[in-house]
Amino acid sequence: MSYSSKLSAMAKRRRVRASLIFLLLILLTAFGVIVPVFALLPSLNSHSHRLFRHHLDHSKLKKVQTRKFEINDDMFWKDGKPFQIIGGDIHYFRTLPEYWEDRLLRAKALGLNTIQTYIPWNLHEPQPGNFTFSGIADIVSFIQLCQKLNFLVLLRAGPYICAEWDLGGFPAWLLARKPAPTLRSSDPGYLQWVERWWGIILPKVAPLLYNNGGPIVMVQIENEFGSYGDDQAYLHHLVKLARGHLGNEVILYTTDGGTRETLEKGTIRGDAVFSAVDFSTGERPWPIFNLQKEFNAPGKSPPLSAEFYTGWLTHWGENIATTDADSTAAALREILAGQGSAVLYMAHGGTNFGFYNGANTGDSALDYKPDLTSYDYDAPIKESGDIDNAKYDAIRRVIQRYSGALLPSAPSNIEKIGYGPIHLQKSAFLFDLIHMIDPVDVFISEEPLSMESVDQSFGFLLYATKYVAKDNEDGHVLFIPKVHDRAQVFLSCSSRNKGVRPASVGIIERWSNRRLNLPNTRCDSNNLYILVENMGRINYGRYLFDKKGILSSVYLDDNILYGWKMIPIPFNNLNEIPRVDSFSHIARSVHNKITAKRGLEVKHDNISSEPTLYTGYFYVDKVNLRKDTFLSFAGWTKGIAFVNDFNLGRFWPVVGPQCSLYVPAPILRLGKNVLVILELESPNGEGVVHSVDRPDVSCGDSSNSNLSQLLTHQHSPRL
C-alpha cells in the first residue's frame, strides 16, 4: 500500500499524537512548568452525533404565551408594544467567560437593549464529530447571561459568518473533504455538513428563543450573501432547515449591503425572512431603508442597520484603523431620531486569541491581508474593556436622548498593571524538537501535501527533502508557485557534521511569491527545510477556499523536487488543549530545579535567528495584584506567545502596527507565571519582553500600508 493511500486512515491518529507530543516537548523546554488548567477554554470532551437528527419536537418546549416578538406596521413589537432595537455585537468567543458579564454591563451602561453575536462553527467542531460547548465556547451560558442582564439577543447562526474570523467560521477540515465541497452553495456535498452542524447547534439554542422563555428574538441566515453569490436554492434550503429546528414563530433575517444588487441576490422576497441592511457609517440611512422596504413584505420592514460600524478592522502592515467619535455619533443619531433601529458593529471587539484571526484579499489571491491579533475595532468598549473614551461618551449621549431610558452609571475601567521586564532564556531550537518527533507522526509523499491534507487546521507545517545539486558558482534558484502563507527556507549539508545547524537562506511570502536564490553549498547532498506558517484563512470574498501550506510543486533550477516529509507543528489553539495527566507530574518533578528569581540572566549565546523557543517567568505576589496586563514585543521580530499555556496569538512588531498582546487577568496565577514564545527570526537583543499597563499600536512603518512593500527580506546565507 502506498503512503498516499494510508493518509486518510492514519490522519486522525497522527494529528492527536502530533499535538500531544509537540505540546509535551514545549512543556519540557519550559522546564515542565506549564500545566493545562484551562477550564475557561472549551474542552475536547466531545460527543459523537449521527449525521442527521430528528427535528426538534416543539410541542415539548414550554410556551410562554405572553411573550411575543414580531414585526407589524414596519415596526418591531415586543409583547404588544413598539420596540426599537438599540443593539451591539459582542462575540462570546473573543472575550474570556470571566469577563462576559463585565463587557455586557458596559454595554448596558452604553444604553444597549440587544446583543448580537455570531456562532463560529470551527470553534465548536474543531474536528469532524468532536463538538465542544464549554468554556469560551459555552454559547448557552453566554445567552443566558444576556437574559439575566435583560438583553434581547440576535443570533447569527451562519453557517458562514465572515467576522474577520478564520475561514469565515467554517472548520478547516471541510477543505479536505473529497470531492471538494463548494462552500456557501446548494452543493449537496456541502449541505450535508451544514445539515449535521445545524442539527446540533439549533436544537441547543431553541429553548432560548423568546417564545420559549429565552432572549433570542431573531436568528440570522447566512451573512451578506448578496456580496458573494446568487444561489436562491441555497438560501431557501437554509430557511427550511432553520424552521425545522426552531419553529415558525422566531423571526429569521438576512443582512446585506444596502444596494439593489446585493439585496437582489442576498434576500428572499416576501415575509418568510426579514431583510436587514448594513452600509458605511456616514451614508444617508433613510434612502437605504426605503430600498430595504422593496425586499420585505408590506408592513414588514422596520428600518434596521444590522451592522452600524463604530470602527473598522486592521490588517498587519496598515495604520491602526480609527473613526471619529462625533461623526459616528451623528450617524447613529440620524437613524435613532427617525425611530430606526441599529446594532453597533462592534460594541466590544475583543481579541483574536490563538490562531483564529481571518484575512482578506484584494483583486488577486496574492494580495493577502491577514488581520491583527487584536480585534479592538476602535469600538466604544475597547479590547480590554476600557470605556473612558470620546466615542463611548458620544454614543451614550445619543442613545440616552432617543431611548428615553434612564441609563445605569458607567463602570470604572478594569485596573491594569505592568509587571515589568520578563527576561527570557533560550529553551530549545525548533528543529531540535522536530527531531524528537516519532516517525509515525511524519507524513511522506512524493509531492508536498497541504496542511488540511495532513489533518491539521492551524499552526505550522515543516516540509523536508534532500537534493543533490551540481556545483554552480551562482548558486541555485528555488521557486514555489503557490505557498500559503509564509515560508522560511533553511539548508544544511547532509554529509557534514550533524552538529551544524540548518541555516536560514530566505523567506518566500504569499504576497510576493519571489524566487529565492540558494547558495552553492559544495555539499554532496543537501537538506532542504521549508517551514510554512498559516497566518489566517481568508474570511471574505471569492478566494474563501483557502488551503494552507505548499499548494504546488517545488522547483529547484526549474526541476521539480520530489520525496517530501511533512511534519505537523500545530501548537495548541484556543479550543485544542489536550488533557495529559503526566504534565502536572513533570511539573512537580522538576519544580525544585527552577530558580525562583523573577528574571534570568541573558547569556551571549541566548540570541539566534533560527526559530527558537524562549521561556521566562513573572510573579503575581498577591491576589489583589492579579490584573490585566499587556506584553510588549518591541525589538522582537515575529512569532506566537503563550502565558500559562494559553495561546495569546501572534506578534509581528517589525510590521506592526500592533506591538503588544493583551493578557486578561483570568489567565494569570497567584505566584509564578510562565511566558513561552516562539520567535521565528531574530529576538530582542536583550532577550526581554516587557509587561506594561497599556496597549501599544505604534510599531512598524506607519507611512506604508502595503504589506508586500514592507516586507523585503534580504537574508544572507551562512553556509
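Colleague: Are Cys659 and Cys699 buried or exposed?

Modeller: This is a predicted model, in which local features need pLDDT of at least 70, side-chain atom pairs count only at pLDDT 80 or more, and totals for chains, interfaces and linings use all residues. Residues are numbered from 1 along each chain as its sequence is written, and side-chain values use heavy atoms, with hydrogens and water left out. Buried means under 20% relative accessible area, exposed over 50%, and partly exposed in between, with a 1.4 Å probe and protein chains only. By this rule, Cys659 and Cys699 are both buried.

Colleague: How many disulfides does a search of the whole structure find?

Modeller: A disulfide is a covalent bond between the sulfur atoms of two cysteines. The search takes a pair of cysteine sulfur atoms within 2.5 Å as a disulfide. One joins Cys493 to Cys523, with an S to S distance of 1.5 Å, and another joins Cys659 to Cys699, at 1.9 Å. The number found is two.

Colleague: What is the handedness of the disulfide of Cys659 and Cys699?

Modeller: The handedness follows from the torsion about the S-S bond. For Cys659 and Cys699 this torsion is about 130 degrees, so the disulfide is right-handed.

Colleague: Is Cys162 buried or exposed?

Modeller: The relative accessible area of Cys162 is 7%. Because of this value, Cys162 counts as buried.
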